[in-house]
Amino acid sequence: ESVFSNVVRAPEDPILGVTVAYNNDPSPAKLNLGVGAYRTEEGKPLVLDVVRRAEQQLVNDPSRVKEYIPIAGLADFNKLSAKLILGADSPAIQESRVATIQCLSGTGSLRVGAEFLKKHYHQSVIFIPKPTWGNHPKVFNLAGLSVEYYRYYDPSTRGLDFQGLLEDLGAAPSGAIVLLHACAHNPTGVDPTSEQWEQIRQLIRSKSLLPFFDSAYQGFASGSLDTDAHSVRTFVADGGECLIAQSYAKNMGLYGERVGALSIVCKSSDVASKVESQVKLVVRPMYSSPPIHGASIVATILKSSDMYNDWTIELKGMADRIISMRQQLFEALQAKGTPGDWSHIIKQIGMFTFTGLNKEQVAFMTKEFHIYMTSDGRISMAGLSSKTVSHLVEAIHAAVT
Ligand code: PLP
């Protein structure tokens, strides 16, 4: 008998499990709207041209070797990543008060940040929005932080529960960590306006809460890298401290390369360099040092003004296709006369639409129409195309009537 015979089977991940179920469905009409990855109009994964070119350049460079890179990752990559999120003229960068560490995509950056906070920050409570990306509570719990929720989404308006948010953060203990989605909140697609961000900033600073930004969609939401970094930059502009987890999964399409960065913005360069030395102690026993390939692609693109420019064009192309899918889905529901107000589809931003469909309706759409999505009614707009909109509309119509 196995020494592991007492191990019970774990459930599939609620998000990744959607794709497992999709793969097992033999129907030719099946549609996967669960996956948080970009698809072309033809429903295919996309490798950006500029990424192919950067890879070609790397492959053709005989001086490149496979040596270990430093614990903190590639220095160029780190510098350019901080510049990308904070802006080229950021005083925090000029004053060398940002510690940036290359990490394993967004998830790894969140985890390393959380482990650092658990060890070196006086407050271990972290407030995360309700709802949020399903992995957030798991990442922070495992790092030893205590997770609490702040109100975020109001199902009755399908918009932001701004009053609830202010009340809950206003009642948070002093110093508490606050997880903020930098843009394109997942799963709701609901972001604060810039006036609301300003009020959130004032509240957070007045209570000495510590902001931890999750930036998984910079440029992917609006099509503009600067617009999508607005929230983060206003918090850095006030001179205060914060953490930022950056992912290149969506905006460069580097999902499986696992490339991201953790930046910790500090009050002084002295603090930042000490902080960086301690973050390295978090990384060393976890995975020693990060992989080279993905970060080299990113650094190659960010370093070259030509490639950078080409990237912004391809990035905008992806964002625009998603925005156009919102419009097409909304118009098709209107044309069909599907009951209900569907204007939230065009008001929400980013990869996902939080449809408002309930668990039973989602199960019905999967069973009768072979449409796969998370049970909270979240659909990936990136998984939709002009050809599949009508199938989705049929399914939604049948589910709500
Ligand atoms: N944070 C949010 C809000 C996300 O939606 C995602 C990906 O879906 C991530 C972080 C992390 O993704 P990755 O680890 O692939 O960069």
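The structure is a predicted model.

The protein contains 15 helices and 13 strands. Its radius of gyration is 21 Å, close to the 21 Å that the globule rule gives for 401 residues, so the protein is as compact as a globular protein of that length. The C-alpha trace spans about 60 × 60 × 55 Å along its principal axes. Of the 401 residues, 53% count as buried. Contacts were considered between residues at least 6 apart in sequence; of these, 76% join residues at least 24 apart.

A nonpolar patch lies on the surface and is formed by Val3, Phe4 and Val7. Together these residues have about 370 Å² of accessible area. Val7 is located in the segment before α1 (16-23). The relative accessible area of Val7 is 58%, and Val7 is therefore exposed, the cut-off being over 50%.

Gly240 sits in the loop between α9 (230-237) and β9 (242-247). Gly240 counts as buried because its relative accessibility is 8%, and buried means under 20%. Leaving aside residues up to four places away in sequence, Gly240 touches Arg205, Phe235, Val265 and Lys267. Gly240 and Ile301 are 61 residues apart in sequence. In space, their C-alpha atoms are 30 Å apart.

Key. Residues are numbered from 1 along each chain as its sequence is written. This is a predicted model: local features need pLDDT of at least 70, side-chain atom pairs count only at pLDDT 80 or more; totals for chains, interfaces and linings use all residues. Side-chain values use heavy atoms; hydrogens and water are left out. Patches are made of residues with over 30% relative accessible area and no salt bridge: like charges are joined within 9 Å, nonpolar side chains (Val, Leu, Ile, Met, Phe, Trp, Tyr) within 5 Å. Accessible areas come from the Shrake-Rupley method with a 1.4 Å probe; for residues, only the protein chains shown count as cover. A salt bridge is a side-chain nitrogen of Lys or Arg within 4 Å of a carboxyl oxygen of Asp or Glu. Helices (H or I, at least four residues) and strands (E, at least two) are DSSP runs, numbered from the N terminus. Buried means under 20% relative accessible area, exposed over 50%, partly exposed in between (1.4 Å probe, protein chains only). The radius of gyration is taken over C-alpha atoms; the globule rule is 2.2 Å times the number of residues to the power 0.38. Contact means heavy atoms within 4.5 Å.
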